[in-house]
Amino acid sequence: MSGYAMAPGMADISTLLYTTVGTGLCIASANAINQWIEIPYDAQMLRTRHRVLGRRQLSPIHAFSFGILAGTTGTAMLATMVNPLTAGLGLANIVLYTCVYTPMKRASIANTWVGAIVGGIPPMMGWTAVTNSLADPGPWVLGAILFAWQFPHFNSLAWNLRADYSKAGYRMMSVTDPKLNARVSLRYSLAMLPLSLALPYLGITSPWFALDSTIVNAALIYGAVKFWRKSNEKTARQLFFGSVIHLPLLLGLMMVHKASNTEDHDDELELEAAEPSS
């Protein structure tokens with residue numbers, strides 16, 4: 001819940017709990033309905049053929065019903081216990097994932113950009129849970145960071161799964177245009193630099209985050225450059241696992257360097273210095 005942690009203003013444990021559970025239910029809803037739609041295609045892929053629906057360990061009607069129930073419960077919880085804006089974002093993400101991204105996977109490589117939007121919305125939900133507003137640039141920058149990260153992460157994964165995706169009829173960049181797949185991974189890895197630097201520029205983090213984030217993003221870019229120069233199983237795996245380490249590290253540094261945290265620490269030091277010694 002990086003968005004929740006980074007948002008300005010007073011936050012409380014109960015709101016964090018309802019936001020986490022409500023968002024989790026929305027995610028579960030989207031995943032369940034997605035798997036319900038893709039039953040015949042998942043059965044053709046090595047990576048997904050052992051899912052419970054493909055193995056008929058769960059009936060399609062039960063999976064669909066769970067998806068609807070989880071989405072309804074999650075959206076209602078966010079609307080009543082958090083705020084309607086956060087609930088609207090959660091509902092929009094369910095619809096975008098199941099009604100746009102899922103069918104688009106078999107029609108156009110643009111599905112990856114839609115999927116990246118889906119991945120960028122949760123941190124915005126965390127921010128709005130605290131502020132009930134999207135007027136500040138903060139949630140948009142956080143969403144953009146998660147949006148950009150999806151490409152090196154997913155495209156490197158898709159490279160080693162391209163035979164599976166092709167067999168199931170999915171229109172992924174790794175299948176239709178492998179060179180574009182690598183270029184897009186590098187392009188959005190490079191985009192992580194200015195997006196991260198926007199946070200200290202906007203006063204959301206301290207200036208130290210500019211240094212730390214540049215080091216972390218440079219490591220991601222290094223992996224993306226290797227994948228771009230020579231796409232193979234080794235460079236794809238390196239970029240994928242590098243991205244898995246990169247995101248929590250970047251978000252963790254972001255929270256450590258949150259501007260209010262730094263200011264509070266500086267205030268404490270000033271108070272200690274001002275106290276007369278006994």
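**Terms and basis of the model**

Helices (H or I, at least four residues) and strands (E, at least two) are DSSP runs, numbered from the N terminus. The structure is a predicted model, in which local features need pLDDT of at least 70, side-chain atom pairs count only at pLDDT 80 or more, and totals for chains, interfaces and linings use all residues. Residues are numbered from 1 along each chain as its sequence is written, and side-chain values use heavy atoms, with hydrogens and water left out.

**The largest pocket**

The volume of the largest pocket is about 1000 Å³. A pocket is here an open set of points on a 1 Å grid over the protein atoms alone, where a 1.4 Å probe fits, with protein on both sides within 12 Å along at least five of seven lines; lining residues have an atom within 4 Å of a point. Points are joined across faces, edges and corners, and the volume is the space filled by probe spheres set on them.

In total, 42 residues line the largest pocket, and Asn31, Tyr97, Val118, Gly119 and Gln150 lie nearest its centre. Two or more lining residues come from each of helix 1 (2–6), helix 2 (13–37), helix 5 (84–104), helix 6 (111–131) and helix 7 (138–160). The lining comprises 20 nonpolar, 17 polar and five charged residues (Ala, Val, Leu, Ile, Met, Phe, Trp, Tyr, Cys and Pro count as nonpolar, Asp, Glu, Lys and Arg as charged, and the others, Gly among them, as polar).

**The second largest pocket**

The second largest pocket holds about 160 Å³ of space. Its lining has 13 residues, with Ala219, Leu220, Gln238, Gly242 and Ser243 nearest the centre. Helix 11 (208–229) and helix 12 (233–256) each give two or more residues to this lining, and helix 12 provides the largest share, seven residues. By class, seven of the lining residues are nonpolar, five polar and one charged.

The axes of helix 11 and helix 12 come within 9 Å and cross at roughly 170° (axes are lines fitted to C-alpha atoms over the stretch in contact, and angles run from 0 to 180 degrees between N-to-C directions). The two helices are therefore roughly antiparallel, a term for angles over 145 degrees.

Helix 10 (residues 178–201) and helix 11 have axes that come within 9 Å and cross at roughly 175°. Helix 10 is thus roughly antiparallel to helix 11.

**Salt bridges**

The structure holds two salt bridges (a side-chain nitrogen of Lys or Arg within 4 Å of a carboxyl oxygen of Asp or Glu). One of them joins glutamate 38 to lysine 105, with the closest N and O atoms 2.9 Å apart.

How values were computed: Parallel < 35°, antiparallel > 145°, perpendicular 65-115°, else oblique.
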